[in-house]
Amino acid sequence: MIRSLSLCILAITPLAVSVAVGGENSSALTVTETFCEYATNPLGVETQKPRFGWHLKSDKRGQMQSACQILVAGSLEKLDAGIGDKWDSGKLSTEQSVNVDYQGSPPVSGERCYWKVRCWDRDNEVSSWSRPAWFEMGLLKRDDWKGEWIGMTSLHKPGQAPAPLLRKKFGIDKPIKRARAYVSGIGWSELFINGRKVGDRVLDPAISEYSKRVHYVTHDITDRLMQGTNVVGVMLGNGWYSNHKHFTEFGKWADSPRLLLQINVEFADGSRMSIMSDKNWKVSTGPILRNDIYGGEVYDARLEKPGWTTAADDDSGWGSVVIKDPPCAKLQSQLMPAIKAIQTIKPVKLTNPKPGVYVYDLGQVFGGWAKLRMKGPAGAKVTIKYSERILKDTGLLDERIFCYPGLKSTDEYILKGDPQGETYSPTFAFHPVRYVQIEGYPGTPALDGLEGTVVRTAEDFSGDFQCSNELFNQIHRNVVWTLGNALYGMPMDCLYREPISYIYVSGVYSILNTRKHMPLFWTKWLRDVADTQDEKGSISAIAPCYSISQFDTAFGGIYPVLVWYCHQLFGDIRILEEHYTGMKKWTDYLVSLAPDHLMTKGTYGDHMLPGKKPGKEEYIAKETPPPLIWTAYYYFDVSVMAQAAGVLGKTGDARHYAELAKKIKEAFNGKWFDRKLNRYAAGTQTSNLVALAIGLVPEANKDGVVNNVVKDIVEKYNGRFHAGDIGVACMIDTLPEHGQGELLYKLASSTKYPGWGYMVQEGAKTIWESWGRHWPGNPRERHESMIMLAFIEKFFYQDLAGVRAPAFHATRYMQPGYRQIIIRPQVLGDLTSAGASIKTVRGMVSSRWQRTGNSIKLDVVVPVNSEAKISVPKLGLQNVVVEEGNRTVWRNGSYMTGVPGITSGSDSVDNVTFTTGSGTYHFVLRSE
């Protein structure tokens, strides 16, 4: 069976992309990129039916794949010879180029398979074969793991133990064909072979719900081993797994880190051997005396063990490891990209606010650390402190962000006295960085003596947004930095106070709608969410559930919505199948809590409602009844369940949940809707916007409810929104859909409180935790970078540039996986140009328009194997003419045939819309 699938953080990238150009020169397809399980040449695949995908290119417009053939072989030699001994699909009559299931003989643990694909175009012309690609299986069964969990005896409190060094010496006496290391070192680990670190991953592996699932990483170490004596070494850090308490119930999992490792070696003569973690390993402490995701790292360079991962090192003084309890039974290969050092940032300023104290300003808030160069006597201690802000009156770091006891984002380095100088950056800590305060530095530091390292999950940030409004461009850059700051193996809340992931609608919504292609990230994190489910079916509002489990129908309850969204985004039917049972269990649990179809149980409501002035935000708005929000999202979940069940062919469930959704809608409107006044509850912006966004308003009353929202914004609040995170998320989804794009443009353009423009005016380089930067009268400060309010990005990409993605709030449905692309820009306010590009499972999509007087140019790129509905704005003009590539396609209210790639046209009050195939299109609309 063939399955369907569906910012630069550092700088703005060009929107132009190289895909099919216009014209009718005949050319067969070219396969440009290939993927297996969304990855290029992945190590550690665990499904025995991996899914293949590819991008296509053609010089002919309107190209579609009509058939494909996939060859999978057990060796590159066989693949090159055209022999698919694992699977030869033959010519499959299908247009599917995304998530095509492997149907060959089941691969076994550790097996590498090579594959390639060729495709037939719409005219039955065949492409050449793609370049050879491969996928390699992980360890598929628990029995494949022969080692034990090992670690060091710890007498310290959780999170306060030194980082242990573990090593094993072993011999190899014949030529090696290949070798793999399978490593799960939790909280974090770094692997060394024969004196060198393996790979460039940091803070590895990713966090998980450790009581349910632990990730392991596969490394190709063939070129690291040699005949003779070899040494494998692992350094362990506490990470999230072994951290001590700071925020509520943090630190619930384990007292100390632990390691499970297995090296499988295949020799040239066909024999094999394995080296695994067991009681025969040696262990010692090293230079890292403390490491903590809250408090930073203490590093004593005098305690370094040079050569500890080489055979020349004498480990006779090392102790024996102890066997540790397994954290859980489930080991999961981590295919999601690793956390890595992404970029180096140079400081822009160095000050000396008091004797012996120096403060570097790196000019941008980011997650990561600083690398400091220094030279001094052995035993000298240098303290490195981090913060996002400094105090205006003293120029010192603002440490009010560290509001809980023990939270001091600080590293300490004790010099060893190297006359050549020393360089330090932490190994098992990350920090909120903009300002770095140095104390105890031997001498006077120079501006170039420190550099910042940006650290995040190494996701693909292809695609971008630009427009003629520089305020919007800055807001966009702020959003992109904020997104990167949140990517630490999960969509993290913030970089220090709460390094956890809330599932709440606004936070997750903001990331999903930043238009970055991250399928493996979401696949992994949805499993984290599922792993929080208890026997009753309840889902925690925090996933992984690193803190106390919290129940909320909106904040934690959008689990089914997120799964459904990813199904649409990536065209991934398997993600629905994997999560359907958990989605159903959660939804049925909600049903048990709402016998009258009204949800009265929950924790949160509309969060961070703007106050009369900055800093006076209301944590949970009293003006909008939380049960109204809970019931709306209860309806949302049930509606999604009906759609998911229908896609999976579960007709009974689909009928049941559709009928239940109708009853919830009736109960919701019966409880809170005033039909005469066209408002919900007291008529707050959030009450009305939530009902509009989620589709609860009766059709006959929609205009009335929209008008009430507009009136409330324009008249009562003098052109400002008055809604918290949930209300504003719904506002961005709703206003442009109901003809109020100009109002949203004004709200987004405003530099008055509250809003994104206000943040920029106040000097923000990221998106704040709240509409107000500070919290007057409170000992704790707001976060400088948080994903919660970043959802304005959707307006930029979808409404201004016009590249529409699947709806988050279920107001419309798109063919999954960008099979049909909708381009519908809105020319709003004083904009003269806007454009965006998005990477999708089928390739890059882009839209860019420029207005000149009474004409508009719209350039669109549609990837091969997609079709599009492209709407050209009429700008309020009458008797418009539309040309494409200097050929007329619309005149006198009628579509004119004959332009390659365009199959039909129609108009409405605001747009002329064309149905097209793939290709690059250049439309010009003007008044005749």
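A residue counts as buried when its relative accessible area is under 20%. By that cut-off, Asp-313 is buried in this predicted model, because its relative accessible area is 17%. Asp-313 sits in the loop that links strand S20 (296-300) with strand S21 (319-320). With neighbours within four places in sequence left aside, the contacts of Asp-313 are Arg-167, Lys-169, Pro-306, Gly-307, Trp-308 and Trp-318.

Of the 928 residues in the protein, 63% are buried. The accessible surface comes to about 32,300 Å², and carbon and sulfur atoms account for 48% of that surface.

As for secondary structure, the protein has 14 helices and 48 strands. Its radius of gyration is 29 Å, close to the 30 Å given by the globule rule for 928 residues, so the protein is as compact as a globular protein of that length. Along the principal axes, the C-alpha atoms fill a box of roughly 90 × 75 × 60 Å.

Helix H6 (residues 573-593) and helix H8 (residues 651-672) have axes that come within 13 Å and cross at roughly 35°. The crossing of H6 and H8 is left-handed. On the H6 side, the contact is made by Tyr-580, Lys-584, Thr-587, Asp-588 and Val-591; H8 contributes Asp-653, Tyr-657 and Leu-660. By type, the residues of this contact between H6 and H8 divide into four nonpolar, one polar and three charged.

Key:
Residues numbered from 1 in each chain as written. Predicted model: local features only at pLDDT ≥ 70, side-chain atom pairs only at ≥ 80, totals over all residues. Heavy atoms only, no water. Axes fitted to C-alpha atoms, helices over the stretch in contact; angles between N-to-C directions. Helix = DSSP H or I, 4+ residues; strand = E, 2+ residues; numbered from the N terminus. Left-handed = near helix turned anticlockwise from the far one by under 90°. Contact = heavy atoms within 4.5 Å. Nonpolar A, V, L, I, M, F, W, Y, C, P; charged D, E, K, R; others polar. Rg over C-alpha atoms; globule rule 2.2 N^0.38 Å. Buried < 20%, exposed > 50% of the residue type's maximum accessible area, 1.4 Å probe, protein only. Areas by Shrake-Rupley, 256 points an atom, 1.4 Å probe, with all protein chains shown as cover.
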